[in-house]
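Hi there,

Here is the structure I promised to pass on to you. Have a look at it first, and then read on for my notes.

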Amino acid sequence: MSWRERIDPELTGEFRGVPFHVERADTTGGRRWLIHEYPRRDRPNAEDMGRKAKEWRLAFFVAGDDYDRERDALIKALDAPGAATLVHPYLGTFSVVATDPRWSESTREGGVCNFQVTFVEAGQETYPATAIDTQREVRKAADALEQSAIADFADKWSVEGLLGVSLTAVERDLRAVMDGLDETVGGIADEIASVIRFPNNIAGIVLGGYNRLRNAVLRPVKALDLYSGNSVLANNDSGGGGRVRLTPGTPVRAARLLRDTGTSGDGVTPPVADTPERTQRAGNTVAAQRLNGRSAAISAARLVAETDWPNRQDAEAAGSDALALIDSQMTTDEPISDAVYADLVTLRSALTSDLRTRAIALPGITTYTPQATLPALVVAHRLYQDATRADEIAVRNNVAHPGALRGGMALEVLSD
C-alpha cells in the first residue's frame, strides 16, 4: 500500500464537523531548548524544557455554487470558543484550537474562499497534585487531645482536704487503675504516688509511660542479635534489661498491648459515694480511669500514624485496636467535657482517614512453606529476589533462629 492509498485522495479536512479542501499543510514540532552561553567558555549548555506544542498551518478553501454557505459555516466554527477536533488529511485527528485565522475572496475568482489557519494542539489543563498528610493530621489531633485530656484530669482530680486513711485510699485506687501500665513499664506506681497532689504531674507520668511503650516497640530489630540469639525473638523467656515487655519491630503487638493496658483500669470499681470523702474518692477514680484510657488511645493513634506498615492486615489490626480505645472513651456512662469529646471525634476521623489512605495500597499476607530447612536469606531471595528482606520474614514469624527456617513449617510472608 503506497502513500497515495493511505491518505484521503480528495485531500479533504474537517474542523468542528465543517469540511474543506486542503491546498497546503505545514507542521512544526520538536522540543523547546534553552541555550545557556557563558563568558569565556566555548561550549554552551542546552537545557531541555520539554516538547513544543505542535502546530499545523493549513491553507484550504471551499468552492462551488454553495461556497458562501460553507464559508459562513467555517467562519462560525473558527469563531467558536474552546478546543475542537481537526481532521488533518495527511496526519489524522487532533484536538486543537484555531489561532490567527484568515480568509480571502476575489471577484475574479468567484465561487471560492481561501483560508489560512494555524491550529495548535489543545492538550489538557493540569494542576499541581495535592495530597493531605494524613499522618501529620493524626499527630495534630493526638496533640490536641493530649492537652484537653490533661486539662480535664486536672479539673476533675482533687485530694484537697484528704488526710490519713482517705488519702491512702485515693492512692490505692490510683495504683489499682494504673496497675496494668505499671506491670508493663514499671515504676509508674511509685512515681505517681510521689506527686499525688499534683494532677498535671500525674498526667505527665502516665502519658510518658505510654510513650515508653510506643517508643520501645518502634526500636529497629538488629539483624546481628537475630543471628546471635540475643534477640527477644530467639528467647521469649529472657528477663532482659528492662520491664518493657514488647518485641521490637512489631507495632501490631504494641497496639494490642496498648489496648489491653488502656482498658485494664476499667475493672476498678469506684467506691459508693455515700459521704463527701467517698464522693471525692469516686470522682478521682473515674478521672484516673479516663486519663489511663485516653493516654493509651493517644499513644496507639501515634503508633499507627508513625509506622510504615508493611502490609494491609497489620495496619488494619493495629488501627482496629487504636479505634477501639478511642471509641471506649467516647461511649462512657459518665458525661465528658465538650472539648475532650470534640478532640476524640477529630482524632478518630484523622486516624480513619490515615488508615484508609495508606493501608489500601499495601500488599496482603500469604503463606509459604519451604520443603527443606533453609536460612531466611535463601527464603527471602526465592520469594522476592531480595535477600535483605530476611529479617522481615524472621520477625514476622518469630523464628528461633533465622539461619534455619524449618522445612514443612508454613511461614507468613508478604504477597508482593
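Predicted model: local features only at pLDDT ≥ 70, side-chain atom pairs only at ≥ 80, totals over all residues.

Some context for the whole chain. The protein has 14 helices and 10 strands. Of its 416 residues, 38% are buried. Taking the contacts with a separation of 6 or more, 71% join residues 24 or more positions apart.

**Helix 3 and helix 12**

Back to helix 3, where the buried residues are T134, V138, A141, A142, L145, E146, S148, A149, I150, D152 and F153. Two packed helices are described by the angle between their axes and the distance between the axes. For helix 3 and helix 12 (residues 338-359), the axes come within 8 Å and cross at roughly 160°. An angle over 145 degrees counts as roughly antiparallel, and therefore that is how helix 3 and helix 12 run relative to each other. The crossing of helix 3 past helix 12 is left-handed.

Which residues make this contact? From helix 3 come T134, Q135, E137, V138, A141, A142, A144, L145, S148, A149 and D152. Helix 12 brings A339, V340, D343, L344, T346, L347, A350, L351, S353, D354, T357 and R358. Sorted by class, the contact of helix 3 with helix 12 holds 12 nonpolar, 6 polar and 5 charged residues.

**Helix 11 and helix 12**

Helix 12 also packs with helix 11 (residues 312-330), at an angle of about 170° and with the axes 10 Å apart. That angle makes helix 11 roughly antiparallel to helix 12. On the helix 11 side, the contact is made by R312, A315, G319, A322, L323, I326, D327, Q329 and M330. On the helix 12 side, the residues are Y341, L344, V345, L347, R348, L351, T352, L355 and A359. By class, the contact of helix 11 with helix 12 has 12 nonpolar, 3 polar and 3 charged residues.

Is I326 buried or exposed? Its relative accessibility is 0%, so I326 counts as buried. Leaving aside residues up to four places away in sequence, I326 touches A297, L344, L347, R348 and L351. I326 and R294 are 32 residues apart in sequence, with their C-alpha atoms 7.3 Å apart in space.

**Two backbone details**

Which phi values belong to R16 and R40? R16, a residue other than glycine, has a positive phi near 55°. R16 sits in the loop between strand 1 (12-15) and strand 2 (18-28), and with a relative accessibility of 30% it counts as partly exposed. R40 is not a glycine either, and its phi is positive at about 60°. You will find R40 in the loop between strand 3 (31-36) and strand 4 (45-51). Because its relative accessible area is 89%, and exposed means over 50%, R40 is exposed.

Happy browsing, and do write back with any questions!

Best wishes

Key: Residues numbered from 1 in each chain as written. Heavy atoms only, no water. Buried < 20%, exposed > 50% of the residue type's maximum accessible area, 1.4 Å probe, protein only. Helix = DSSP H or I, 4+ residues; strand = E, 2+ residues; numbered from the N terminus. Axes fitted to C-alpha atoms, helices over the stretch in contact; angles between N-to-C directions. Parallel < 35°, antiparallel > 145°, perpendicular 65-115°, else oblique. Left-handed = near helix turned anticlockwise from the far one by under 90°. Contact = heavy atoms within 4.5 Å. Nonpolar A, V, L, I, M, F, W, Y, C, P; charged D, E, K, R; others polar.
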